[in-house]
Amino acid sequence: MGRLFGTDGIRGRVNSHPMQPELALRLGLAAGQYFRDGSRRHRVVIGKDTRLSGYVFESALTSGFCAAGMDVFLVGPMPTPAISFLTRSMRADLGVVISASHNPYMDNGIKFFDKNGFKLADEVEDEIAAMVTDPGFAWDYPAYDQVGRARKIQDSPGRYIVELKHSFPAGMTLDGLTIVLDCAHGAAYRVAPLIFEELGAKVVTIGIEPDGLNINKGCGSLHPEGLAAKIREHRADIGLALDGDADRLIVVDERGTVLDGDQIMAVCADEMMSRGTLAGNTLVATVMSNMALELFMQERGGRLLRTRVGDRYVVEEMRKGGYLLGGEQSGHLVFMEHSTTGDGTLAALQLLRIMVARQRPISEIAGLLTPFPQKLVNVRVKRKVPFDDVPSIQEAVRHAEERLGRTGRVLLRYSGTESLARIMVEAQDGSMVEELCAELTQAVETGLA
């Protein structure tokens with residue numbers, strides 16, 4: 001059996017392993033026991049997105065944590081980065097988010113933040129997972145008068161709104177800007193519109209009517225086409241699309257062109273280098289980021305430092321090197337000066353700050369970076385064996401790399417949360433990208449059948 005935790009916590013189909021209430025209860029017991037040292041009352045903050053199944057896992061986790069002697073603070077539907085912030089602000093020992101991010105409502109997930117608002121290290125997750133999966137594990141239950149209490153925190157949205165507004169320059173407003181905002185019927189449906197409205201923008205909203213079953217359905221960061229139509233309809237200055245737990249951002253400019261995380265990072269890195277505030281002139285991104293971003297940084301005297309896929313690994317590298325800006329092509333953007341994790345709303349505010357300061361449309365600002373043609377294909381697999389162990393896949397990769405030379409690259413990896421093989425081909429020649437991607441897809445489908 002593989003790791004219980006993937007690249008972004010535990011995730012799966014509701015009422016199927018591992019997303020079952022009995023496992024969630026044991027997870028609460030295990031994490032509660034791991035972080036409890038008996039020196040004082042311990043606290044855990046639990047937030048969720050808007051999925052129907054959130055009630056199931058919220059109750060199960062609460063039972064486990066209380067039984068383990070931890071007091072539980074329930075904040076309801078709130079963005080993932082808000083839970084990171086509230087964990088730090090409330091001096092809690094642990095933060096928990098119940099969400100499957102951009103996945104449909106039938107999936108759910110559980111991820112943790114430590115007391116400093118950072119995602120747990122792999123080794124900590126593995127220790128907790130070992131407790132959860134050991135059927136004979138002996139729980140160290142506290143005395144009957146030391147079990148935890150659970151309470152709801154009513155003012156958490158206001159706390160988070162104030163925190164994000166503090167990241168925007170004092171005296172600067174969004175007056176005169178029209179923003180189309182897509183909240184994906186997810187965790188930011190209440191807080192995100194208020195943040196932009198309170199800063200002076202006219203906000204046209206999409207995806208703010210969650211019913212438990214419509215999260216990410218035809219909207220949000222994976223479906224920016226609706227955003228583009230609204231921008232044209234309202235002659236808006238910019239469109240902002242969040243995902244289900246609001247930790248990622250996709251932008252659509254005033255012409256309806258979609259901008260990904262690489263293009264947003266390029267704008268922000270360039271602006272920070274011009275002010276001398278980009279630590280080490282270094283931008284941290286993953287192996288998925290476009291080659292054009294790497295060249296962009298080199299041409300400006302900076303560098304792109306790559307990590308494995310997952311915003312947690314970006315953050316780990318940022319902490320190690322003291323870097324301030326990092327992210328993923330998918331729209332997870334980390335501004336370490338203001339947050340300890342990816343935050344779509346915060347990223348939007350930083351981009352809007354540059355727009356307002358330069359008094360130029362986003363299409364002009366984002367025109368700094370023209371990504372190389374890139375294609376990503378997902379192939380569903382029954383088994384995850386090392387690609388190097390399959391001769392036919394090895395040969396297909398070697399052939400593709402020979403044809404590309406230094407003008408492109410190939411990347412094969414497995415999803416950390418789903419039974420998928422991800423195939424990425426990137427090159428200056430778009431037709432070659434299509435051709436080689438088709439060949440590699442066939443090799444993977446045949447080799448892993």
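Predicted model: local features only at pLDDT ≥ 70, side-chain atom pairs only at ≥ 80, totals over all residues.
E4 has two partners to look at. Strand E2 (residues 42–48) pairs with E4 in the parallel sense, over five bridges, and valine 45 stands opposite glycine 95. E5 is joined to E4 by five bridges too, but these two run antiparallel. On that side, glycine 95 has phenylalanine 113 in E5 as its bridge partner.

Another group of five strands forms an open sheet, in the order E8-E7-E9-E10-E11, with mixed pairing. At the edges sit strand E8 (202–206) and strand E11 (258–259), each pairing on one side only. Inside this sheet, strand E9 (residues 238–242) and strand E10 (residues 249–253) run antiparallel and are joined by five bridges. If you want to find that pairing by eye, look for alanine 241, whose bridge partner in E10 is isoleucine 250.

**Rings and charges**

The model holds four aromatic pairs. In one of them, the rings of phenylalanine 5 and phenylalanine 112 have centres 6.2 Å apart and planes at 45°, so this pair is tilted. It links distant parts of the chain: phenylalanine 5 belongs to the segment before strand E1 (10–13) and phenylalanine 112 to strand E5 (residues 107–114), 107 residues apart. Both phenylalanine 5 and phenylalanine 112 are buried.

Phenylalanine 387 and tyrosine 414 make a stacked pair, because their ring centres are 4.4 Å apart and their planes are at 15°. Phenylalanine 387 comes from the loop between strand E16 (374–380) and helix H13 (391–404), and tyrosine 414 from strand E17 (residues 408–414), so the pair ties together parts 27 residues apart in sequence. Phenylalanine 387 and tyrosine 414 are both buried.

Charged side chains turn up over rings as well. Lysine 48 lies over the face of tyrosine 55, 3.9 Å from the ring centre, and arginine 308 does likewise over tyrosine 313, at 4.0 Å.

**Cysteines**

There are zero disulfides here. Cysteine 183 has its nearest cysteine sulfur, that of cysteine 219, 9.3 Å away. Cysteine 183 is buried, with a relative accessible area of 0%, and cysteine 437 counts as buried at 1%.

**Salt bridges**

Side chains of opposite charge can pair when their charged atoms come close. This model holds 33 salt bridges; here are three of them.

| Salt bridge | Closest N to O |
|---|---|
| Lysine 230 and glutamate 233 | 4.0 Å |
| Glutamate 254 and arginine 255 | 4.0 Å |

Glutamate 125, in helix H4 (residues 122–133), and arginine 3, in the segment before E1, are 122 residues apart. Glutamate 125 is buried at 4% relative accessible area, whereas arginine 3 is partly exposed at 38%.

Lysine 230 and glutamate 233 are three residues apart in helix H7 (residues 225–234), so about one helical turn separates them. Lysine 230 is partly exposed, at 27%, and glutamate 233 is exposed, at 55%.

Glutamate 254 is partly exposed, with a relative accessible area of 24%, and arginine 255 is exposed, at 61%. Elsewhere, salt bridges that share partners join Asp8, Arg11, Lys111, Lys119, Asp245, Asp247 and Asp311 into one network.

Terms used
Residues numbered from 1 in each chain as written. Heavy atoms only, no water. Phe/Tyr/Trp six-rings, centres within 6.5 Å; stacked < 30°, edge-to-face > 60°. Helix = DSSP H or I, 4+ residues; strand = E, 2+ residues; numbered from the N terminus. Buried < 20%, exposed > 50% of the residue type's maximum accessible area, 1.4 Å probe, protein only. Lys NZ or Arg CZ within 6 Å of the ring centre and 35° of its normal. Disulfide = S-S within 2.5 Å. Pairing = 2+ DSSP bridges. Salt bridge = Lys/Arg side-chain N within 4 Å of Asp/Glu carboxyl O.
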